[in-house]
Amino acid sequence: MSAPAETQQRRTDETPAMTALRSKDLLGIAELTTGEIALILDTAEAMKEVGERPIKKVPALRGKTVVNLFFEPSTRTRTSFEIAEKRLSADTLNIAVATSSVVKGETLADTALNLEAMRPDMIVLRHSSSGACHLLSRICRSAIINAGDGMHEHPTQALLDAFTIREHKKRLAGLKVAIIGDLLHSRVLRSNIHLLTKMGSDVWVCGPPTLIPADIGRFGVRATSAVDEAVTDADVIMLLRIQLERMEGAYFPSLREYFNVFGMTEARLRRAKPDVMIMHPGPMNRGVEIASEVADGPYSVILEQVANGVAVRMAVLYLLAGGAEHEAAA
Amino acid sequence: MPVVMDADRIGRTLTRIAHEIVERNRGVEDLALVGVRTRGVPLARRIAKSLREITGHEVPTGALDITLYRDDLMRQSVGPQPLVRRTEIPFSIDDKKILLVDDVLYTGRTTRAALDALIDYGRPRGIQLIVLVDRGHRELPIKADYVGKNLPTSLEESVQVYLQESDGRDEVVLQQPQGGAV
Amino acid sequence: MKRLLKGGRVVDPSNGIDGVRDVLIDGDRIAAVGRDLPVNGATVVEIPAGFVVCPGFIDMHVHLREPGQEHKETVATGTAAAVAGGFTAVACMPNTSPVNDNANVTAYILARAAEANLARVYPIGAVSRGSKGELLADIAELKDAGCVAITDDGHPVATALLLRRALEYAGMFGMPVIDHCEDPSLKGDAVAHEGYQAAALGLPGMPGACEALGVERGTLLAELTGSHFHVAHMSARASLRTVRKGKEAGVRVTCEVAPHHFTLTDEALASPIPYDTNTKMNPPLREAADRDAMLSGIADGSIDAIATDHAPHHYDEKNVEFDRAPFGIVGLETAVPLALDRLVHAGLIRLPRLVELLSVNPARILRVPGGTLVPGAPADVTILAPDLTVRVEAAALRSRSKNTPFDGWELRGGVAATIVGGRTLFVNAVVEGLKEL
């Protein structure tokens, strides 16, 4: 993609090699190539170092305006994005649903156009409708970063999960990753499936048949409702949140029964590899999808995931800040 | 493409710079080397090796990535972002005399970025600048303390440093402007 | 005033005609169809070679939106779209505001249709008052006012009991009951077909079984009551299986399929425009096996009619998140090109079968005039240009709404002209030789 270094007539003491994402937006992992995923993860390593310095701030996004547009409550993801933006010196603006004009009946398209009129550089969108980011991306010139859309994708979560796995295991290819929980309603699942299968992991998904999406086999994963089978020899076990209201849809009889059949306990964990990692995108339901001893146990990397979230989001913000089109060399 | 420094010349130059460092600082106490990525890093390591041979002392060495501090980063309205690499400075720079190492000194903007980046890591006692080649055309009031070679150039020319560690050979080349659109 | 349409290929399956014939129109009636008819003072219109003269097409499933939702469509704009699409008559659904559950609303629709004076309009009345699924509407009154069938379309008839009663009661008047077949509990909050695409896009899905349960219910009750049950906009292969079995058993069950269900699959939700709300309709675009089943039902005769389920929605209503957008697309002006391209030119059926699906059978199911060029029949004629290249342009549609997923499509086969009651109401500007029509 990039021309050989020698032909670029660059100032040799100034410009390192250039490489970029192809799209102006990050809508989902589905749209990314393995090269782009690797670029984000590599960049996140450098960003992680920024967070370890005495002064955790670099001027990279000085003068850039980032709007965090959240139509769903999310302390964790919004905070993580906001810290990432501030560490890169961007100006950040938080718009939460309660304070937005949406309650007055404005459409998402109109909200977006009004924001756009104020010329932000990037919009980080969290929305309860699948595809809301695609809609925004068609309307807006700003870069759109998907911070979770309905049941569709949550790409930065999958990237931070992959980053955390790679830190521990030094690779993603060939690892057995078991994802257990409410598969049907999980955007984290979809993003992780796309990412991990692209990077060559052996992905197993597990949950009650009522919570397994249709045609799951076409995603390139193995699906089972036998939790022991999913856990056996797993390198990574990722647990997904079980929402209380799912009982009402008759997806399973009770939280107690769910825990008995699918909950991750120390006993179940013994079937996994000795150096298994336990992951959870949060927020956790202790005693439902995960026993407290496991959540707080030696295999758990749940808090590392949170820490890495900032680095990964810094990487995404940084890489998208330049835009997608390749400027002709001046 | 004229070769302005060959492997032998680069080696002797770095040894000479190491001697100048010891002489000027009256030893290597409180010194630390920080190479600017990419090619400043192997140069810093070679200088550290020379300093060890001369003085028997190990000078701590780090690597600095200045990408996030570049003043041209957000000036292009659209365009791919330069690759960010990890900064690795595994020691405190507080009260150290930092020897900042880069391959080519040109406009001075990289050095400006490096100084800003470095100061985010602590408060060194002083910073000295080492460059293998100074090709002139400064745009900022910056001057090197140790210069391997002063190389007068025109703006159209470019200077390329090749090092064994990254390029498989040691060579400094002065490239003439190429014909055609670039 | 007499006109002689000379030298066209006449396809009139009701009379077993498929060949070059002349058609003599006298006023608002067909006077004669035959070889080399004498001119006898009639105005002669030479039909260009390759053009096809058929009995007028009838779209038995259209939402004209009037009264109440005139920002989407009116009787006038909808019937203008109909004649531009080759339809000489449309049957309009009762889910207006207010619902067409009484003679006043029916009379209002017919008055607007008379004002517009374009395609014929056959109102379809509601099964239940307000389509609320509780009390039967005044069906005899609706029939007298001009309704040709009853349905609670938009929703299924609420209960099996109500459907049974509706079948029994409407049977008295020889009216079919048309049902939007769907099990509401199985549908839930679904906005797409349950399958890989919905799973990947994170959209709640409804399986084909959701529709097939409704088809099964209606077929069993048609058998029980001996009345005529008609399946609206069938989309699932399991539904087709049920209809076939019912027909084999002699049950009075008929069904229609919409052009989008024999053309598109749920892949259209993902590409070319991800989450394009113009791919959202109910029943949803289904997987390839379902689409292929619809094609096979069209080919083997088990599907009776092609009906568009023309469902206009304003741009603003569709320019929202996928799950918040209303279901439905416009279809009147794309149905004939899609049918010619995907069914006839694809080699699946021949023209006489197409005319059955678009004219003969809808007339038979609704028991309305038309569907034939027999002397004495209304002079409702659709003239096709089967080899015309048609480029669909949403912005150029006559319908007040432009919500089509076929924008920019190039299709082979189009409408050359539409004649309603002897009046030429549409001549395609791009075809040559019909200026004097």
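**Close-up views of the predicted model**

**Figure 1. Surroundings of Lys72(C) in the predicted model.** Beyond its neighbours within four places in sequence, Lys72(C) is in contact with Arg65(C), Pro312(C), His313(C), His314(C), Glu317(C), Arg400(C) and Ser401(C). Lys72(C) is placed in the loop that lies between strand S6 (57-62) and helix H1 (75-84) of chain C. With a relative accessible area of 5%, Lys72(C) counts as buried, because the limit for that class is under 20%. One of the contacting residues, His313(C), also takes part in a polar contact: its side chain and the side chain of Lys72(C) meet at 2.7 Å.

**Figure 2. The open sheet of chain C.** The sheet comprises 6 strands in the order S9-S10-S11-S14-S15-S16, and the pairing is parallel. Strand S9 (125-126) and strand S16 (305-306) of chain C form the edges, each pairing on one side only. Within the sheet, strand S14 (residues 229-231) and strand S15 (residues 253-257) of chain C pair in the parallel sense over 3 bridges. Phe229(C) has Val253(C), in S15(C), as its bridge partner.

**Figure 3. Helix H4 of chain C against the sheet strands.** Helix H4 (residues 160-171) of chain C lies across strand S10 (150-151), strand S11 (177-179) and S14 of chain C. Relative to S11(C), helix H4 of chain C runs at about 150°.

**Figure 4. The charged end of Lys280(C) over two rings.** The charged end of Lys280(C) sits over the ring of Phe327(C), at 4.8 Å from the ring centre. The charged end of Lys280(C) also sits over the ring of Phe322(C), where the distance to the ring centre is 5.7 Å.

**Figure 5. The aromatic pair Phe406(C) and Trp409(C).** Over all chains, the model holds 7 aromatic pairs. Phe406(C) and Trp409(C) form an aromatic pair with a centre-to-centre distance of 4.8 Å and an angle of 85° between the planes. The pair is edge-to-face, because planes over 60 degrees apart fall in that class. Phe406(C) is buried, its relative accessible area being 1%, whereas Trp409(C) is partly exposed at a relative accessible area of 24%.

**Figure 6. An aromatic cluster in chain A.** Three residues are shown here: Phe252(A), Tyr258(A) and Phe262(A), which together form one aromatic cluster.

Notes. Residues are numbered from 1 along each chain as its sequence is written. Chains are lettered from A and ligands numbered from 1 in the order in which they are written. This is a predicted model: local features need pLDDT of at least 70, side-chain atom pairs count only at pLDDT 80 or more; totals for chains, interfaces and linings use all residues. Side-chain values use heavy atoms; hydrogens and water are left out. Rings of Phe, Tyr and Trp (its six-membered ring) pair if their centres lie within 6.5 Å; planes under 30 degrees apart count as stacked, over 60 as edge-to-face and the rest as tilted. Buried means under 20% relative accessible area, exposed over 50%, partly exposed in between (1.4 Å probe, protein chains only). A charge sits over a ring if NZ of Lys or CZ of Arg is within 6 Å of the ring centre and within 35 degrees of the ring normal. Two strands pair if DSSP finds at least two bridges between them. Helices (H or I, at least four residues) and strands (E, at least two) are DSSP runs, numbered from the N terminus. Contact means heavy atoms within 4.5 Å. Axes are lines fitted to C-alpha atoms, for helices over the stretch in contact, and angles run from 0 to 180 degrees between N-to-C directions. A polar contact is a pair of N or O atoms within 3.5 Å; within protein, one must be able to donate a hydrogen and the other to accept it, and residues adjacent in sequence count only if both atoms are side-chain atoms.
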